[in-house]
Amino acid sequence: MSSNTASLLPRETASPESKRGWLPSWLSSEHPFPWLFPAAALMVVFGIYPLLYALTLSLYKKNAATRKMVFAPDHNWTKILSDERVWNALFNTFLYTGIALVFQLVLGMLIALLLDSDRKGYGILRAMMTLPLVIPPAVTAMMFLLMLNGSFGVLSRGLIAMGLLPTGFSILGNASTAMAGVLLAEIWQWTPFMVLIMLAGLRSLPKEPFEAAAIDGASGVQAFFRLTLPMMSKVIAIAVLIRGIDLFRAFDYVKVMTDSGPGTATETLTSYAGRIYFGNADFPYASTIALLTLIIVIVVSSAFMKAFKVKL
Amino acid sequence: MSFKDHDKLTFIADAARDFSARRISKRDFLKKMSLAGVGFSAFNLGLLGSTRPSRNRSFGIGDAAYAQDADVTKWLKDVSGPFKGTKIRYTSEATPPTVVLDKLKGEFTEATGIEVEIEIVPLEQVLAKATQDVQGQLGSYDLYYLDQSWVATFAQDTVDPIAYYKEKPDLAMPGMDWDDFSKPLVDGLAVYDGHWVGIPFDIPIMVTMYRKDILEKHKIAPPNTVDEFVAAVKMITEAEKANGMYGTGLQAKSGHYSLECDWTQVVWNNGGSIFTKDKKFSGNDEAAVGGLKIYQELLKNAPPESTNSTWDGQFQMMASGQCALVNSWDEFFPGLDADGSKVQGLWECKRPIRGASYRSPGDAGFGEIPNPAHQGGSILGLSKYSKNVDAAWIFMQWACSKDIMTRCTLGGGFAPMRISSFNDPRVKAKEVVGPGTTRHLPIVLETINNDMASEPDMPLWAGFSNNEIPVALGKLLTGQDYGGDAKKCMDDVAAQIDKAVAEAGL
Amino acid sequence: MSSVNIKNVRKNYGNLEVVHGINLEIEDGAFVVLLGPSGCGKSTLLRMIAGLESVTAGDIEIAGRRVNDVHPKDRNIAMVFQNYALYAHMKVRDNMSFSLQLAKRPQSEIDEKVGWAAKILNLEPYLDRYPRELSGGQRQRVAMGRAIVRNPAVFLFDEPLSNLDAKLRVQMRTEIKELHERLKTTTVYVTHDQIEAMTMADKIVILRDGHIEQEGTPLDVYDRPANLFVAEFIGSPSMNLLKGDVTAHGVQLGDGTVLPLPAAHRARQGQKVVYGIRPEHLMLGAGAKARVNVVEPTGPEMHIYAELGGQEICVVTQQRVAPARGSAIEVTPQLDRVHLFDAESGKSLA
Amino acid sequence: MEGSRPLRILRDLAAITVTGLFMFPIFWWALTSIKPISAVFDKDRVNFFDFVPTFINYGVTLFGQSRSQLAIDEGLGMGVAGADAYDSRQSILESIIISLGATTITMAVSVFAAYAISRMAFRGRGHYLNWVLGQRFMPPIAILVPLVTIYKTAGLRDTDNLYMGYLGLMMIYALMNLPIAVLLMKSFLDDVPKDVDEAAMIDGATRWQTFRKVVLPMVKGGVAASAVLVFIFSWTEFLLSLFLTTDIRTVPVKIQTFVTSTGNEWGFIAALGTAAIIPSFIFILLVQKHLVRGLTLGSLKE
């Protein structure tokens, strides 16, 4: 009983005996304020303030020649609606997020099931599985850029040798395959993260239902779909949420591997914002696109949390 | 150059070559040099006195060659008094001179007590960081490394070095010899709106490079014109297909400045220009579209990876023997000649291929100069927002001085800015096959003096050349859009650019 | 003086009131058990005494001092939790001396107190172990040791034995009682186990739905339950409760069976009542007829479950009888042991 | 439920194969780092082991040797000669300082916040948690422009003060990692029964003493696991580090230095990239058990 009801201390906890009676009660360690304040301050100063700054920036129009900024609140936001590249980027972002999520989720679950064993050696395999996580994404991107090189890359050459691709075919230099190439790096790097989350979930499942099911004659597959999946649903929902948010903002892979290209075939919202930022130096418009990304992330993930009753 | 001068240089070069090949002794070499009227400072002799024979074989220059000239050191010590302990910064692309300068800067710090931080990042990031700095007038950087395509953009943010040189005689470096900078280079690169935005620092320029052996094998003469080039490329692709070799290799990475460079060159070579004199985009006129069509043709005769390659990929194609004919940056040359290279000594270079005719600069807009040799030069500009203007100014003069520029060239084998560097005996001495070779430099100098082209000088150009143009080209070349129709692609670009130019009120 | 006074205490969670104005006086040195089914508010009440829950209304006084707004650490109490709440990262010794260390007592005193507690609780061999290296009973003792070293004004126990097995529970029960005998510290003990309550308490307080149903000595509440709830809750097997109407001859059940009533009672004729008689107070022999359902031998006694007047009853006897299922027996209540409750209010009519 | 022996062997094989597949890019990268560049860019074949290994890339990036000198000694080398701008030791040091600092700050603020969220009932608890998670919604590129300006004004740029530059980067990493750290720590803290806090408080501890002497030691493993994740995310971050610093160069930014105008220094990229795996991986090995446990993010409990 006591573990469910939040324990609430008396509001005026500054007891007569308290040696620090002179401190306002909200500064005593019994009050949540001092505990929450440092993180809150960090968020306000380094998160919310720059965000408001960016919001202000998005209300200005920059003259590309003179660099003068003029207050024109509707300029960028209307421009965004009529900018075909934004719509293309939005589509690509959802495509990228969706495909990567599905692969990472399914692969992550399968690999977690495979590696979830207490037998000797599996600990080492699990540790090795986490290796991709520690490589900077910008370096991973370079790595795959080289491996996917149609002329010299080991992966491309492998596919060519298997007859799956024509000689010299450039996966990243082709509008129809570039997205797959970028996704490969993304999936390679972050599937292990899913594996970790899934393993954590699997390891905390109670044993009894599975024993009962085995006695009832359920096959491994049935047990997976009837027991494991439903019991893991919360873990999966949180994993999808966290990964989905990150995927939606993914930047490094697209930037380094294809730089949104070929053409705009792999252009996502953040990479488009990056192009406007790096290339055209139109900071207000770049901010606007980045803020649009933020708004979509908020809307989609709130809807997701409602729909799947994700509680943190 | 008079015959006598030319003779003298040949004499010096021959002597140097003999010396580095150990055919003559150091004493004999010095004797010949003094005959030729070349004085060596004690420091410079270091490079000849290397204890390791292999060092001469490989680079012809040892670490001792980096030692500072005594006069320069004295000047540095004299002027830097008030600035001791300050730190100046700039951000730069990892170009050969920058990388070498990053090593040499220690000498400067030792003499002046002024620290120098060179932040090396890829080109577009240099642009973004510099832009951010000038937009907020932050003064984080004391110098700007400016690519030729951004010179106009940053013209309002830098101090005119010529003016400043006169304005501050007490800080003026003796022997700067401003006339030593090649005139076309200064015009095409450093000058905007009648004044110097900065000092020329680096000049990669497009030359035509070819595999001597392959061309000989197929009995093709090195091409002089676009038509010859295209024909040779096609022929080689056909003939060498089985050996995994293509006629050419391109830097056609979508959305990247490298693709834009390739494109401007084909447009110019076909008699087109990017802007007309009434400041309208003309990349979609007949001449320009014709040029683009030639490029589409070339792409068919290049490794497919070309569409995902920047200059890095293009260089690897050349170095690995994947292509035989390239119209691209002279900077690749020393690398091709490096030890361990599969193609060491096999590449030759010549002045860039020419189109039938070129649009006159008067008919093009925004100071654009259509010509056969696209240049990708850069300048060092002195920031107006710097808090250490004078310390930075001392460094900038030093970095662009005759001695340093020459030594930068020696360290990397790329083209120098100064005529005197081209003619420096140490540079001449390296005109042999090997890493850091300078054997292409005579061609480069000729190209600079005769063929140099220049992209439009306009504030919006950095954006167009990094985003709108190469992205649309990428769509076209990789089949994402336009169905292979070059005209359609360029009409699209024209609409975007004309709108942006109008919006900016240019 | 370390009495505990609870005056009209209420507890709300939002709009939900879970404790409805409880008044309770706990004398110095008493062992009071708060007993009731889960959800009756007994734990909440205990936690309010401890200061772990705020008091919505009313006052709590410890040793005459109002402690509503006093931090738990300043109430001079000690508490033993259901799942021990040991500090897993500390050795037994440190678990026990933690409070003294916090109070910055001299090391000699700490050692002395811990040694004393360990001796009392038979924990001396385990002082340098970690809680995870101990059995359940040992952990329980550590939790108690932690409580007693401080010599607090009041001990609070929150169902401390419910995680132990049956045998250990009996043993620990005795130990706690002994401890109390020795220390004479005022103790408030929460449990839902009536045996625990009966065996240990000086005073039992029976709670239901945030109200006190009855308080008194164990035998008091056993022999004189104030109402139906208490009657049913206390005792095992629980009291037989038979619905019927009061007639001149006694209480008439649904099927016409009449059970005799003692001479003195407060019931009116015709009143609907519940007739209560504990199983051990039903005698086998001539009387009301009942039909046997099940017979459970427990060893010392036999539990006979049978049907009387359409209602199930239980008879406990020490006679070794084992009537067959379906056979008839006759039972007679001991008249002086009969309880009578109003069927509507559940109040005792005895 | 391990199944029969052939099934077990099949499973072992599958597990090894899958792990091997995921290891392959790293293996390839490590192999690339000891290949002469001509073996990396071989137009005729994919070169697995047929090359003379060279350690020039490590010599230059990790031991500060001069490439020209090494090239001479080994008879190898291409491209630009003579520079030691590729010495990456300083960057590794800077990366370690920043990642450790960021981890410390992140863990400090998030453990406090998570403790309050886990233990105290206060109004707006849900909102607070949402705000924390919300920090992860923000695309770094959205706050890049403002941050550069704000940092300049606040003196958090390394161009003004090197130490403040370090601090600035640590703070933004702390913000970036706050959501994951708070969620993880909340999950670990929720695992510690509240009774323990209560017992401590009755034992005479204040909230602070309860936290520091009782609860915190009990979630040490959780703190370590969360800290490792935070360290990794800080160690691998690129975009913010690129724009917020000038003199300081973290490893991912340093690797960008190897993208030059005459070609990428693939050997150096591979060498530094390979070497950069090591510190984080050591940490991962140390806390692996807690890591697997911790990533349930409290979601299984209720």
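Is Phe144(A) buried or exposed at 2% relative accessibility? Phe144(A) counts as buried at that value. The model described here is predicted.

## Aromatic pairs in chain A

Over all chains, the structure holds 56 aromatic pairs. One of them joins Phe144(A) and Trp188(A): the ring centres lie 5.5 Å apart and the planes meet at 50 degrees, so the pair is tilted.

Trp188(A), with a relative accessibility of 6%, counts as buried. Phe144(A) is buried too, at 2%.

## A pair between chains A and D

Trp190(A) and Phe233(D) have ring centres 6.0 Å apart and planes at 25 degrees, so this pair is stacked. The pair crosses between chains: Trp190(A) lies in helix α7 of chain A, and Phe233(D) lies in helix α11 (residues 220–236) of chain D.

Both partners fall under the 20% cut-off for burial. The relative accessible area of Trp190(A) is 9%, so Trp190(A) is buried. Phe233(D), at 10% relative accessibility, also counts as buried.

## A ring cluster in chain B

Chain B contains a cluster linked by ring pairs. Its members are Tyr164(B), Tyr165(B), Trp178(B), Phe181(B), Trp196(B) and Trp393(B).

## Charges over rings

Which ring does Lys79(A) lie over? Lys79(A) lies over the face of Tyr285(A), at a distance of 4.1 Å from the ring centre.

In chain C, the ring of Phe31(C) has the charged end of Lys177(C) over it, 5.3 Å from the ring centre.

## Helix packing in chain C

Helix α2 (residues 92–102) of chain C packs against helix α3 (residues 107–120) of chain C at an angle of about 135 degrees, and the two axes are 10 Å apart. Angles over 145 degrees count as roughly antiparallel and those from 65 to 115 as roughly perpendicular, so α2(C) and α3(C) are oblique to each other. Their crossing is right-handed.

What does α2(C) contribute to the contact with α3(C)? On the α2(C) side the residues are Arg93(C), Met96(C), Ser97(C), Leu100(C) and Gln101(C). They meet Ile110(C), Lys113(C), Val114(C), Ala117(C) and Ala118(C) in α3(C).

Definitions and conventions
Residues are numbered from 1 along each chain as its sequence is written. Chains are lettered from A and ligands numbered from 1 in the order in which they are written. This is a predicted model: local features need pLDDT of at least 70, side-chain atom pairs count only at pLDDT 80 or more; totals for chains, interfaces and linings use all residues. Side-chain values use heavy atoms; hydrogens and water are left out. Rings of Phe, Tyr and Trp (its six-membered ring) pair if their centres lie within 6.5 Å; planes under 30 degrees apart count as stacked, over 60 as edge-to-face and the rest as tilted. Buried means under 20% relative accessible area, exposed over 50%, partly exposed in between (1.4 Å probe, protein chains only). Helices (H or I, at least four residues) and strands (E, at least two) are DSSP runs, numbered from the N terminus. A charge sits over a ring if NZ of Lys or CZ of Arg is within 6 Å of the ring centre and within 35 degrees of the ring normal. Axes are lines fitted to C-alpha atoms, for helices over the stretch in contact, and angles run from 0 to 180 degrees between N-to-C directions. Angles under 35 degrees count as roughly parallel, over 145 as roughly antiparallel, 65 to 115 as roughly perpendicular and the rest as oblique. A crossing is left-handed if the near helix is turned anticlockwise from the far one by less than a right angle, and right-handed if clockwise. Contact means heavy atoms within 4.5 Å.
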